[in-house]
Amino acid sequence: MHHPNGKHSKGKVSYLESPERRKEFSPEQLLNMIPLKETDSLLDFGAGTGYFSIPAAKRIKGNVYALDIDADMLEIINEKALEEQLTNIVPVQGSMEALPLPDGSIDVIIASLVLHEIQPLAPLLQQMKKGLKKEGYLVCLELEPKGSSEKAPRITLAGMEQEMTEAGFQVTQTFLPAKSLYMLIAQKKD
């Protein structure tokens, strides 16, 4: 794979694509756990290398919007989509505001290992809620913080649940799919 400016860290890509990560909790496992219909449209928020975008695009006929601020990551997703002959992946560079979609047009948003980086989180959750259809779902995957970690910001399961509830979501399911990993499935409330 060729990246002319090579600015993204090889370490990040190798972690995002690592067999250990896949073995610990595969994208297929996640997709099996969420209420995803064939006709749904999905937003992979902070899509990275397409860890969830690619398997989701194979599963649904609707569009998969792969949103990331890093153009190099989107290039990787484009290459994978070409290889897999997937035509329903729409790469979008930027933040939620960059989405070329009207409010209330997404069925499912997956935010994997990204929400902890956003401070404050409430405005983003409000935007996500606006983007979702009436009965839409937000699926959040995060690492539970270990003790006091100054080096990486993390949000506890309880903290994330509170943020989502305050933003007008109802947490419908909680999973602990792997060591120190939690997953919340929240539905948009009116």
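Start by selecting Glu 84 and Lys 58, whose side chains meet in a salt bridge with N to O at 3.1 Å; the term is used for a side-chain nitrogen of Lys or Arg within 4 Å of a carboxyl oxygen of Asp or Glu. The pair ties distant parts of the chain together, with Glu 84 in helix α5 and Lys 58 in helix α4, 26 residues apart. Helices here are DSSP runs of H or I with at least four residues, strands are runs of E with at least two, and both are numbered from the N terminus. Glu 84 counts as partly exposed at 37% relative accessibility, and Lys 58 is partly exposed too, at 49%. (Buried is under 20% relative accessible area, exposed is over 50%, and partly exposed is in between, using a 1.4 Å probe and protein chains only.)

Before you go on, know that this is a predicted model, where local features need pLDDT of at least 70 and side-chain atom pairs count only at pLDDT 80 or more, while totals for chains, interfaces and linings use all residues. Residues are numbered from 1 along each chain as its sequence is written, and side-chain values use heavy atoms, leaving out hydrogens and water.

How many salt bridges does the structure hold? There are five. For another of them, select Lys 61 and Glu 38, with N to O at 2.7 Å. Lys 61 is exposed at 63%, whereas Glu 38 is partly exposed at 44%.

Next, pick Lys 133 and Asp 107, a salt bridge with its closest N and O atoms 3.3 Å apart. This one links strand β5 (Lys 133) to strand β4 (Asp 107), across 26 residues of chain. Is Asp 107 buried or exposed? Asp 107 counts as buried, at 11% relative accessibility, while Lys 133 is partly exposed at 33%.

Now switch to a cartoon view and follow the sheet. It is open, with seven strands in the order β3-β2-β1-β4-β5-β7-β6 and mixed pairing; two strands pair if DSSP finds at least two bridges between them. At the edges are β3 (89-93) and β6 (169-178), each pairing on one side only. Zoom in on β5 (residues 132-143) and β7 (residues 181-188): they run antiparallel, joined by seven bridges. Glu 142 has Tyr 182 in β7 as its bridge partner.

Then colour the helices. Helix α6 (residues 122-131) packs on the sheet and touches β1 (42-45), β4 (106-112), β5, β6 and β7, where contact means heavy atoms within 4.5 Å. The direction of α6 makes about 140° with that of β5; axes are lines fitted to C-alpha atoms, for helices over the stretch in contact, and angles run from 0 to 180 degrees between N-to-C directions. Helix α5 (residues 71-84) lies across β2 (64-68) and β3, at about 170° to β3.

Most residues other than glycine have a negative phi, and most peptide bonds are trans. Gln 85, in the loop between α5 and β3, has a positive phi of about 55°. Ser 180, between β6 and β7, has a positive phi of about 65°. Finish at the cis peptide bond from Gln 119 to Pro 120, with omega near -10°; Pro 120 is in the loop between β4 and α6.
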